[in-house]
Amino acid sequence: MRWEAQELKVTDPAALLPLAGLVRSIQTPDFAGVTFHEVVCKSALNRVPAQSAMPFHWTINPTRGCLHRCTYCFARRTHEYLDLDAGQDFDTQIIVKTNVVEVLRRELARPSWQREHVALGTNSDPYMRAEGRYKLMPGIITALADSGTPFSILTKGPLLRRDLPLLVEAATRVPVSVAVSLALIDPDLQQRVEPGTATPKARLELIRAIADAGLECSVLAMPILPWLTDSEDQLDALFGALAGAGASDVTVGALHLRPGAREWFMAWLGREYPALVPRYRRLYGSGSYAPKDYRQWLGERAGRARRKHGFDRRAPRRWARDAASDPAPASAPAAPAAPEPAQLALF
Ligand code: SF4
């Protein structure tokens, strides 16, 4: 689409998969080891399954797979629906819906569209580095705002700064929520757990930039990793850094280990912290969530850090013209002392 000068011949067998709407598969020296599969999509708005606990009914994912390569990402399994695997393929076989803006505009123009809240950043990060080349988000933001549709964005990508003027303008017309995902502020551990993501410093600067632009920036501090990032000192440092950066609110949650993410994360843990493997096995058993006792303990500990750094005294300001159209909070398997985030993540 936009990389003709750098395009290389694709030899990866995954590129030969029968992806629906596939136009071409490309590799480029800027993204070593990654294949982008450019597809034309038939729909842009995805309805969230009725049984989901998410507080929104619609999502947009302009991409599938994610260059951020978080070991714990529980969107990983969605790649299996494409006959790709939830591990390496999720990190390196990226599907890009190059016509997503055009399709979205058509869907938003339908008389049946009820202008319900739409969440971005649920199965793939919309501001991963490739967005710098594909530039899909400006069209999506504008289309949503033009149609009067409230929306939220969750990201780990500092590239969102590029679109801050658009977001500020959109927020004068529709409710807009922006959240940054940041749970690891030790840069060494962060690079090992989330090797494709921006540093904690860059994400703190992003939070600051969002706040300075006049938008509230909530933070999703998930996942907190048992025995790795859940000490009193670590939570204190995390909340202190987020308060210093100007975050409007923080939601803390313990690691989930759903199928797909579980295998990938436990393999990583075995390589990096083999002594912790039996402890994690005991804590999680065969389930996806840490036990209730652990989550309560973490919630209390996080609650102390919240109070210490003044988050309990912050009154989030809404950009909503019509707050009733914002999604209602839903229960989630997160630490109970923390309030619900503006956008709960699917990962
Ligand atoms: S957790 Fe989010 S940022 Fe990380 S790999 Fe998954 S979709 Fe990407």
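Start where two helices meet. L204, I207 and R208 in α7 meet A241, L242 and A245 in α8. Helix α7 covers residues 200–212, and its axis comes within 8 Å of the axis of α8. The two axes cross at roughly 40°. Sort the residues of this contact by class and you get five nonpolar, no polar and one charged. Bear in mind that this is a predicted model.

Stay with A245 for a moment. Its place is in helix α8, residues 232–245. Is A245 buried or exposed? A residue counts as buried if 20 or more other C-beta atoms lie within 10 Å of its own. A245 has 22 C-beta neighbours inside 10 Å, so it counts as buried. Leave aside residues up to four places away in sequence, and A245 touches L204, I207 and R208. Now look at L206. A245 and L206 are 39 residues apart in sequence, yet 8.5 Å apart in space, C-alpha to C-alpha.

Now step back to the whole chain. The protein chain has eleven helices and eleven strands. Of its 347 residues, 47% are buried. Consider the contacts with a separation of 6 or more. Residues 24 or more positions apart account for 79% of them.

Helix α4 (residues 137–147) packs with helix α5 (residues 164–171). Their axes are 10 Å apart, at an angle of about 10°. Angles under 35 degrees count as roughly parallel. Therefore α4 and α5 are roughly parallel to each other. On the α4 side, the contact is made by P138, I141, T142 and A145. On the α5 side, L166, L167 and A170 take part. By class, this contact has six nonpolar, one polar and no charged residues.

Helix α4 also meets α2 (residues 100–108). Here the axes come within 9 Å and cross at roughly 10°. That angle makes α2 roughly parallel to α4. From α2, the contact uses V100, V101, L104, R105 and L108. From α4, it uses G139, I140, A143 and S147. The classes are six nonpolar, two polar and one charged.

For a landmark, A119 stands opposite S152 in β8.

There is also an open sheet of four strands. Its order is β1-β2-β6-β5, and its pairing is mixed. The edge strands are β1 and β5 (63–64), and each pairs on one side only.

Follow β2 through this sheet. Strand β1 (residues 22–26) runs antiparallel to β2, and four bridges join them. L22 has V39 as its bridge partner in β2. I26 has F36. Strand β6 (residues 93–97) pairs with β2 in the parallel sense, over five bridges. Here T35 has Q93 as its bridge partner in β6.

How many of the five residues of β2 (residues 35–39) are buried? Five of the five are, so β2 is largely enclosed by the rest of the structure. In a regular strand the side chains alternate between the two faces of the sheet. Check the two faces of β2. T35, H37 and V39 lie on one side, F36 and E38 on the other. All of these are buried, and both faces are covered.

Terms used:
Residues numbered from 1 in each chain as written. Predicted model: local features only at pLDDT ≥ 70, side-chain atom pairs only at ≥ 80, totals over all residues. Pairing = 2+ DSSP bridges. Buried ≥ 20, exposed ≤ 12 C-beta atoms within 10 Å, placed from the backbone. Contact = placed C-beta atoms within 7 Å. Axes fitted to C-alpha atoms, helices over the stretch in contact; angles between N-to-C directions. Parallel < 35°, antiparallel > 145°, perpendicular 65-115°, else oblique. Nonpolar A, V, L, I, M, F, W, Y, C, P; charged D, E, K, R; others polar.
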